Amino acid sequence: MVEPLDAKAAQSRTGGPSFTLGNRLLRVVWQACWLVLCRWTPPPLHGWRALMLRLFGASLGRGCRVHASVRIWLPSTLTLGDNVLIGPGARIYNQGRIAIGNDSVVSQGAFLCASTHDLSDPDFQLQLRPITVGRRCWVAAEGFVGPGVTMGDGAALAARGALFEDADSWTVYRGNPATAIKPRALRAAAA
């Protein structure tokens, strides 16, 4: 588990680090490996990128598709279920753990942010706030899911929506801040 340093002792607010030297070095190695070995790869090489994510500690189910232009803070705090798609240009800022359930989609340009700061702390202490995205969820293009949010199974966030509170299962949200607009129902599969 990644834990932030004490902001007062590390003087994070005035330019000191928020994480240990070991964590920062690991992230440099991770980013270099992704850049050299994955960032340039064509879309069909999802298996190769999944292998790299697993080597750096991510937990991935079967059939995950993570595009080459995705930016992931650190794979060891990322869990993806089966058949998860992370679209081009998505940002997974997983200082806190991010877990995405089976058959969910995080579309192009979406941003998931699992950390914030204590606004009442004069040292602005970093706080890790995990995100949980349930099964069959959809975060549409350029959607934002904020710290500590849980999206229930089947929840959907419309394009450019900003979700700061938990999303009910099988409900569609839109806007900033996102509000529920209608229930989401799946049609029966075609025969």
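Student: Why is L45 called partly exposed?

Tutor: L45 has 36% relative accessibility. Buried means under 20% relative accessible area, exposed over 50%, and partly exposed in between (1.4 Å probe, protein chains only). L45 therefore counts as partly exposed. This is a predicted model: local features need pLDDT of at least 70, side-chain atom pairs count only at pLDDT 80 or more, and totals for chains, interfaces and linings use all residues. Residues are numbered from 1 along each chain as its sequence is written, and side-chain values use heavy atoms, without hydrogens and water.

Student: Which residues of helix 3 are buried?

Tutor: In helix 3 (residues 46–55), H46, R49, A50, M52 and L53 are buried. Helices are DSSP runs of H or I, at least four residues; strands are runs of E, at least two.

Student: What makes these buried residues line one face of helix 3?

Tutor: Seen down the helix axis, they fall within an arc of 160°, so they line one face. The arc is taken from the directions from the helix axis to the C-beta atoms. On the other side, G47 and L55 are exposed.

Student: What covers the buried residues of helix 3?

Tutor: The cover includes helix 2 (21–37), strand 1 (59–60), strand 2 (65–66) and strand 3 (71–72). Contact means heavy atoms within 4.5 Å.

Student: How do you know that strand 16 and strand 18 pair?

Tutor: Pairing requires at least two DSSP bridges between two strands. Strand 16 (residues 156–157) and strand 18 (residues 171–174) have 2 bridges, in the parallel sense. A156 has V172 in strand 18 as its bridge partner.
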